[in-house]
Amino acid sequence: MSLPAYSESAAAPVPKPAEVLPLRRKPPRFARRAAAILSGVAAQVLPPLVTLGVILLLWQGLSGDAAGGLPAPATIWLESRELIMDPFFDRGGVDKGLFWHALTSLQRVAIGFSFSAVVGVALGVLVGSSRFAHRSLDPIFQVLRTVPPLAWLPISLAALHEANPSALFVIFITAIWPIVINTAVGVRNIPQDYVNVGRVLRLSPPEYFVTILLPAATPYIFTGLRIGVGMSWLAIVASEMLLGGVGVGFFIWDQYNASRISDIVVALVWVGLVGFALDRLVALAGRIVSRGASAS
Amino acid sequence: MSSRAYLSIENLGVTFNAGQRASEVLKGVDLTVDQGEFISIIGHSGCGKSTLLNVVAGLVPVSHGAVILDKRAVDGPGPDRAVVFQNHSLLPWLTVYENVRLAVDKVFRGRKSRPERHAWTLHNLALVQMTHAKDKKPHEISGGMKQRVGLARALAMEPKVLLLDEPFGALDALTRANLQDSVMEIHAKLRNTVLMITHDVDEAVLLSDRIVMMTNGPAAEIGDIVRVELPRPRRRIEVDATPAYIAARHAVIEFLYARHTGLHAAA
Ligand SMILES: Nc1ncnc2c1ncn2[C@@H]1O[C@H](COP(=O)(O)OP(=O)(O)OP(=O)(O)O)[C@@H](O)[C@H]1O
Ligand SMILES: [Mg+2]
């Protein structure tokens, strides 16, 4: 009560030190760290969110009400609200939430990609360590890797007869080339010093493979895996469109036939987010596995 | 020291074949080294010093002549000829301890038990004063420390010959002096047979029993050998003004800059 009167009547310099002192005291360490982390996250997350907002506003403004055209964000929200809000519903058949479609597609990618990782790394090691294998196989790989994923589909359907294995094969064949090529580069680039260490110690081929070749090539292998997983996700969506059944790819195709463009937009957001998560996951795995290996 | 040569390089010739063109790097190199002797090899850049060392290591095949170590001809690399490379060549994905342990496990498997191999690894890290950093990765330690670990890894193999290819070339003068002292101490303690390449005349004189001076390539050979008549143990501040030191130093400099200038090698 008396405080305002006091500060008004007293000389200005008197209360000042009392106000400044608490500010000078450093905030507790954890608070400072939390603030630093928060501002770091904000710097990462805010710009894309703002950009997204601007894009949505522009989209909304530009897309008017033309029937049959691209629906505006507000229209999508109205038409596909259930799809957005409940990814987990399951009414049997292919009438499921997007989570289930994405999960099915992810399972296919997991199987196909695992095969291409194992076979790709093995082939890459062979091509990278044997001059003869390099000469005979590399030109063939360079040609095959330019074949677009969907061009493999009729061939694999003809060879395998069934839809599911064909989809897996398309993923396998799409993802394998970057894995083979990057692994081979990594093996060929092992510094001569490391090779010499192995020779002086008389490491047996399996010992050399485990203690020197694999760790030295790991950063390259993960570059290949990262490109490969991205390509396999592209391939699965495309190949499911042709194959039917449960899966994000077929969901998109199905909604297109039913002229539900809003649902397609929602599915595309899912495709993008899942692909992004896959990429980050492989990158993270690579960082964990090759800790310190790249710095020498 | 001993009457019979421990390591002998006999009429050694090395020729590299690059496509159709063959380049003769070494020709008619003869050298005998006693057990426990410390030999430095000095010569202008590109004359073939590393090639000579790598032949003894077994990393480069002999084209002509032979290298005989402890009565057996060298034909391929092996842990009885441990190499410390100029750029340390520690495996970056292993810790300091693991780098040394890898060599210990490989060399002493079957001869030492697991706890003995652990103790031997730690013993060699202690020898180069690197125990404190045993759990660090190579990129977390300084250049001088990496060379110490490289040295520990080589010593841990209990090699017949220790091969050092410009081990301190990339280090600053103080770190280099420090490591030279360590190498002298270790050599006094273990009496290893050492072949060391260096560009540093003082380093050669301070550390060596004999300094091998190579002529310029191509087809380089041993031009002359200087014996350093300094008693051991040597301490740098005590020896560097003695007549023997000055004489050896002068002989090397005279060879390098008056008789075999690096001019046509550098051109
Ligand atoms: N694997 C190889 N194939 C072909 N030529 C080689 C090979 N290794 C070395 N040489 C050649 O042999 C010569 C001697 O090389 P070396 O590395 O032994 O020289 P050096 O005396 O160690 O030089 P520096 O002091 O610069 O290390 C050089 O001309 C080099 O080009
Ligand atoms: Mg060299």
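A salt bridge here is a side-chain nitrogen of Lys or Arg within 4 Å of a carboxyl oxygen of Asp or Glu. I took that rule to the boundary between the two chains, keeping in mind that this is a predicted model.

**Entry 1: charged pairs between the chains**

I looked up A:Glu207 and found it in a salt bridge with B:Arg109. The closest N and O atoms of A:Glu207 and B:Arg109 are 2.9 Å apart, and the cut-off is 4 Å, so the pair meets the rule. I then asked for the count between chain A and chain B, which is 2 salt bridges.

**Entry 2: polar contacts and the elements behind them**

I turned to polar contacts across the interface of chain A and chain B. The rule finds 7 residue pairs, with both residues at pLDDT 80 or more. Which helices of chain A each supply at least two residues of the side that touches chain B? I noted α10 (192-200) and α11 (205-243). Of the elements of chain A, α10(A) gives the most to this side, with 6 residues. I sorted the side of chain A that touches chain B by class and got 10 nonpolar, 5 polar and 5 charged residues.

**Entry 3: extent of the interface**

I listed the contacts next: 20 residues of chain A are in contact with 24 residues of chain B. The size of an interface is often given as the accessible area lost when the parts come together, so I looked that up as well. The area buried between chain A and chain B is about 2,000 Å². Carbon and sulfur atoms give 66% of that area.

**Entry 4: ligand 1**

I moved to ligand 1 and read off the residues around it; among them are B:Phe16, B:Val25, B:Lys49 and B:Glu166. By class, I recorded 3 nonpolar, 6 polar and 2 charged residues in the shell. Helix α1 (residues 49-57) of chain B gives the most to this shell, with 3 residues.

I then looked at distances to oxygen atoms of ligand 1. A backbone N or O atom of B:Gly48 lies 2.9 Å from one, and for a backbone N or O atom of B:Cys47 I noted 3.3 Å. With B:His199 the atom is a polar side-chain atom, 3.2 Å from an oxygen atom of ligand 1.

How much of the accessible area of ligand 1 does the protein cover? I wrote down 57% of the 630 Å² that ligand 1 has on its own.

Key:
Residues are numbered from 1 along each chain as its sequence is written. Chains are lettered from A and ligands numbered from 1 in the order in which they are written. This is a predicted model: local features need pLDDT of at least 70, side-chain atom pairs count only at pLDDT 80 or more; totals for chains, interfaces and linings use all residues. Side-chain values use heavy atoms; hydrogens and water are left out. Contact means heavy atoms within 4.5 Å. Buried area is the accessible area (1.4 Å probe) that two parts lose on being put together, summed over both. A polar contact is a pair of N or O atoms within 3.5 Å; within protein, one must be able to donate a hydrogen and the other to accept it, and residues adjacent in sequence count only if both atoms are side-chain atoms. Helices (H or I, at least four residues) and strands (E, at least two) are DSSP runs, numbered from the N terminus. Ala, Val, Leu, Ile, Met, Phe, Trp, Tyr, Cys and Pro count as nonpolar, Asp, Glu, Lys and Arg as charged, and the others, Gly among them, as polar. A residue is near a molecule or strand if one of its heavy atoms lies within 4 Å of it. Accessible areas come from the Shrake-Rupley method with a 1.4 Å probe; for residues, only the protein chains shown count as cover.
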